[in-house]
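Visitor: I would like a walk through this model, one question at a time. Could you be my guide?

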Amino acid sequence: MALLERAIARVLPAVPRKLVRALAAPYIAGPTLEDAVSVVRRLNAEGKLATIDVLGEEVSSADEARELARAYHRVLARVEGEGLDANVSVKLTGLGLELDDGLCRENLEAVVEDARVRGNFVRIDMEDSSTTDRTLRLYRELRAAGRDNVGVVLQARLRRTVRDVDGLDNVRVCKGIYLEPAELAHQDDEEVRESFRATLRALLDRGSYVAIATHDEALIADALAQVRERGLPRERYELQMLLGVRAARADELVAEGHRLRVYVPFGTHWYEYAVRRLQENPRVAGLVAADTLRRLAR
Ligand code: FDA
């Protein structure tokens, strides 16, 4: 991560919540399932697929974790009822990973089973490196138990990632948003890109389904070249982007015939997600500075 991004990451917690909320509005569908449904309807009309994320991570009680799982059941029912082209993305800490392994497994299994019955799919997001082993283990256990409607995420930033591909049949590859120490993670942007390319290559070599999640033009171009060279049909891979980021580029990729899925978060626990997105917005330092100056001038 660049020096400037690190500096921004440090100051963001001091930025007023109201400003964080206003700046992050384009990245979040809104507080309710209704908001997510209307965004997904629009995306589907534009020829894009969606993955819906119910915001809420690091829950502090079993009840909260169960409530988040129930929210996913409501999403899956609504997606089916409305005939939307959308799956779901879940965070294991939201389902209780830090409270109790058994509780988390139970919640995850229930969401995956509900999705299976409805002909849908669950992507397990990847969180910070303290959760990587547990997340991959749960994914592998579900697949071993015959659940093939579940996928996982690998983060190119982690040095271990290219060695993690064994046994992973359905993987979203991304750079990884969490700040990790140099022993565990590449710190140089070009090294992260090289790891992304190598991971994608290794997954395609072993025949995995890949979701290529990046807005980085160099990586999109490289991924599409790999897809072309291998003659992969469009249903063997998908491109993924975040709501509010590079929507015009997404339109072009759809027009070129690629399947493109947009990550659509909604809910009232928006703060952590909003901060992560702002850390990556190249314009955020200027926007925060302009707002600070405006307030000082008042
Ligand atoms: P990079 O950050 O270099 O961005 C490339 C360009 O895209 C920028 O130069 C800018 O133009 C634009 N851009 C990127 N972010 C922007 C923003 N917030 N606002 C405005 N412009 C922006 N991470 C993780 O650790 N675990 C996970 O499970 C997931 N899941 C996930 C799903 C999907 C669908 C996507 C697209 C991403 C994730 N991520 C993630 C996040 C991912 O790891 C990474 O942090 C971001 O995608 C940013 O990295 P890029 O590859 O886009 O490159």
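Visitor: Which residue's side chain does Arg172 join in a polar contact of 2.7 Å?

Guide: Glad to start there! A polar contact is a pair of N or O atoms within 3.5 Å; within protein, one must be able to donate a hydrogen and the other to accept it, and residues adjacent in sequence count only if both atoms are side-chain atoms. Arg172 lies in strand E5, where helices (H or I, at least four residues) and strands (E, at least two) are DSSP runs numbered from the N terminus. At 2.7 Å, the side chain of Arg172 is joined to that of Gln240.

Visitor: What kind of model is this, and how are residues numbered?

Guide: This is a predicted model, in which local features need pLDDT of at least 70 and side-chain atom pairs count only at pLDDT 80 or more, while totals for chains, interfaces and linings use all residues. Side-chain values use heavy atoms, with hydrogens and water left out, and residues are numbered along each chain as its sequence is written, from 1.

Visitor: Is Arg172 buried or exposed?

Guide: Buried means under 20% relative accessible area, exposed over 50%, and partly exposed in between (1.4 Å probe, protein chains only). Arg172 counts as buried because its relative accessibility is 7%.

Visitor: Which backbone oxygen does the side chain of Asn149 reach?

Guide: Asn149 is found in the loop between helix H6 (132–144) and E4. With a relative accessible area of 7%, Asn149 is buried. At 3.0 Å, its side chain reaches the backbone oxygen of Val112.

Visitor: Let's turn to the ligand. How many residues surround it?

Guide: A residue is near a molecule or strand if one of its heavy atoms lies within 4 Å of it. The closest ones to the ligand are Tyr27, Gly176, Thr214, His215 and Glu280. The number of residues surrounding the ligand is 25.

Visitor: Which element gives the largest share of the shell around the ligand?

Guide: Strand E4 (150–155), strand E5 (170–174), strand E7 (237–242) and helix H10 (271–280) are the elements that give two or more residues to the shell. By class, the shell has 12 nonpolar, 6 polar and 7 charged residues (Ala, Val, Leu, Ile, Met, Phe, Trp, Tyr, Cys and Pro count as nonpolar, Asp, Glu, Lys and Arg as charged, and the others, Gly among them, as polar). The largest share, 3 residues, comes from E7.

Visitor: What volume does the largest cavity have?

Guide: On a 1 Å grid over the protein atoms alone, a cavity is a set of points where a 1.4 Å probe fits but cannot get out, and a pocket is an open set with protein on both sides within 12 Å along at least five of seven lines; lining residues have an atom within 4 Å of a point. Grid points are joined across faces, edges and corners, and a volume is the space filled by probe spheres set on the points. The lining of the largest cavity includes Lys175, Gly176 and Ile177. Its volume is about 30 Å³.

Visitor: Which helix gives the largest share of the lining of the second largest pocket?

Guide: The second largest pocket has a volume of about 360 Å³. Of its 17 lining residues, Leu55, Gly56, Leu68, Thr268 and His269 lie nearest its centre. The largest share of the lining, 5 residues, comes from helix H4 (residues 62–82).

Visitor: What phi does Arg246 have?

Guide: Most residues other than glycine have a negative phi. Arg246 is found in the loop between E7 and helix H9 (247–255) and is partly exposed, with a relative accessible area of 35%. Although Arg246 is not a glycine, its phi is positive, at about 50°.
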